[in-house]
Amino acid sequence: MRWRHSVIWRFAALVFLMQIACVMLALGAVHQFTSRSVNQASREVAVSLRDDIAATYAAAGLKAAAAAVRFRIATDPAKSSVILLLDPRGQRIAGNLSGWPAGVGLSESWRHVDLRRSKQQDREPQTMGIVTTRFPDGTQLLTGHVVENDLRFGGYLEASLVGAVLLAIPLAGCAAFVSAAIIKGRLRSVIEAAGAVGSGDMERRIKPTGSGDMFDALSEEINAMLDRITSLMNEMRLVTDGLAHDLRSPLTRMRAVLDNAMRHSKDEESTAALEKALEEGDTLLRMLDAALLISRAEAGIGRDSFTPVDVGSLLQDFQEMYDVLAEDQGVVIEVNAPAGLMVRSHREIFGQVLSNLIDNALKYGGNRILLSARRQDGWVEIRVTDNGPGIAEDHRQEALRRFARLDSSRHISGAGLGLSLAAAVAHLHGGTLTLGDAAPGLSVSLTLPAMADEPGIST
């Protein structure tokens, strides 16, 4: 899927994962620190108790150690200590355990076991942390501390940490979404400006936010680039306009001279040659006009002169205009377009496109031409369809190039600019031009943005 390759999606996913990772690391560190602190505190209690009793035993003997054990049990306010003192023969001397726990060694540094104390045999065993010691004469000492509450607290802590992670997931998702939305918002102005320029609005620029960040730097660089492109286009337009004017004048004068020479010529061969020269001169003028019109359309010139145009009425007008010429060639022109299909267009340029498409259909098509239009999803599609040989699919892109002449049409006069002009005008309107198969024949579809009907507007 394309969204998986989106840089914004990847950035949002990275933000999400980084936040989740940070939360889990922080909570894991808290859990480890708390668990170790609680466990260490319990172990220190058991070890301290063992050391005190061992010191008493070393200083005053077994009876003194037994008295110390009984004293510690009696004075334990929380009743959380466990102590057991056995003589060298393994007999219980003092403590609150009835006997040495099964499976417990004589030199345990720290371990958890489940035990019942002497006066709590009717209760459930409690989890205790214990340490054990065996003195040189065989006397055994076990000291410990109840850690069940500590373990329960650890369980609550783990549940809380899991809850915190689960809560962090939607929060991290929201943060990732907001981060992506901020980036998309900053890029949207760039995309909109680029789209407008691509549609021919060369005055469109990106408005910086004043933050001074890299997006503003990018906007300034793009604006500078667009300024340079606009300047170059204006210079090129001046050159092409001047060149067109300079070329039209001598061509027009040449045509007038040829026309005058043809009228005074008495020789049939000379007259035929002059007629051929006149035709070539007219072709040059048409090529010059078409090329200039394509350049202006691609530059977006003429958009400010758009007016509402009734497509159905315009197609009817062109049917009437070409009806006599088509009848002389044995071609039937039909129109299929409902009333009220309105587009905003430059009527003269739009008419030139339709004229070129109909001329092409008369030259290269069969004996039937259909001019149709329909509205679809906010667009108006205008089609010029013939039943001739058409254009092979692998040659259609080539046919849209300027001055393109396919091999099958090289014996027919023409400039090869009709489809190029139609494509440029479609771009001027923010639409598209598509060549398709009419089975048989060629279908040329010009798709333009539709507009609402405006009663009372003359087209």
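**Entry 1: salt bridges**

I take a salt bridge to be a side-chain nitrogen of Lys or Arg within 4 Å of a carboxyl oxygen of Asp or Glu. With that in hand I went through the model, which is a predicted one. I found eight salt bridges in the structure.

I looked up Asp51 first. Its side chain meets that of Arg50 in a salt bridge, at 3.2 Å from N to O.

Next I took Arg368 and Glu334, which form a salt bridge with the closest N and O atoms 3.0 Å apart. Arg368 belongs to strand β9 (residues 368-376) and Glu334 to strand β7 (residues 332-336), so this pair ties together parts that lie 34 residues apart in sequence. I checked the accessibility of both partners. Arg368 comes out at 36% relative accessible area and is partly exposed. Glu334, at 31%, is partly exposed as well.

I also followed Glu381, whose side chain meets that of Arg374 in a salt bridge of 2.8 Å, N to O. Here the two partners fall on either side of the cut-off for burial, which is under 20% relative accessible area. Glu381 has 14% and therefore counts as buried. Arg374 has 41% and is partly exposed. I then asked which residues are linked with these in a network. The network of salt bridges links Arg374, Glu381 and Arg383.

**Entry 2: Asp377**

I stopped at Asp377 for its backbone. Its phi is positive, at about 55 degrees, although Asp377 is not a glycine. I located Asp377 in the loop between β9 and β10 (379-386). With a relative accessible area of 71%, Asp377 is exposed.

**Entry 3: aromatic pairs**

How many aromatic pairs does the structure hold? I found two. In the pair of Tyr57 and Phe135, the ring centres are 4.5 Å apart and the planes stand at 10 degrees, so I recorded the pair as stacked. I placed Tyr57 in helix α1 (residues 7-60) and Phe135 in the loop between β4 (126-134) and β5 (140-146), so the pair ties together parts 78 residues apart in sequence. Tyr57 counts as buried at 15% relative accessibility. Phe135 is buried too, with a relative accessible area of 8%.

I then turned to Phe318 and Tyr322. Their ring centres are 6.4 Å apart and their planes at 15 degrees, so this pair is also stacked. Both residues lie in helix α6 (residues 311-328), where four residues, about one turn of the helix, separate Phe318 from Tyr322. I noted both Phe318 and Tyr322 as buried.

I looked up Ser81 and found it in strand β1 (residues 81-86). Is Ser81 buried or exposed? At 15% relative accessibility, Ser81 counts as buried. I listed its contacts, leaving out residues up to four places away in sequence: Ser81 touches Leu49, Asp76, Asn96, Arg117 and Gly144.

Asn96 and Arg117 came up again when I went through the second largest pocket, where they are among the residues nearest its centre, along with Ile73, Lys79 and Lys119. The lining of this pocket is made of 12 residues. Sorted by class, I have one nonpolar, six polar and five charged residues in that lining. I noted a volume of about 240 Å³ for the second largest pocket.

**Entry 4: Ala181**

I found Ala181 in helix α3 (residues 148-198). Ala181 counts as partly exposed, at 37% relative accessibility.

**Entry 5: the protein as a whole**

The secondary structure comes to nine helices and 12 strands. Of the 459 residues in the protein, 38% are buried. Taking contacts between residues at least 6 apart in sequence, I have 62% that join residues at least 24 apart.

How values were computed:
Residues are numbered from 1 along each chain as its sequence is written. This is a predicted model: local features need pLDDT of at least 70, side-chain atom pairs count only at pLDDT 80 or more; totals for chains, interfaces and linings use all residues. Side-chain values use heavy atoms; hydrogens and water are left out. Helices (H or I, at least four residues) and strands (E, at least two) are DSSP runs, numbered from the N terminus. Buried means under 20% relative accessible area, exposed over 50%, partly exposed in between (1.4 Å probe, protein chains only). Contact means heavy atoms within 4.5 Å. On a 1 Å grid over the protein atoms alone, a cavity is a set of points where a 1.4 Å probe fits but cannot get out, and a pocket is an open set with protein on both sides within 12 Å along at least five of seven lines; lining residues have an atom within 4 Å of a point. Grid points are joined across faces, edges and corners, and a volume is the space filled by probe spheres set on the points. Ala, Val, Leu, Ile, Met, Phe, Trp, Tyr, Cys and Pro count as nonpolar, Asp, Glu, Lys and Arg as charged, and the others, Gly among them, as polar. Rings of Phe, Tyr and Trp (its six-membered ring) pair if their centres lie within 6.5 Å; planes under 30 degrees apart count as stacked, over 60 as edge-to-face and the rest as tilted.
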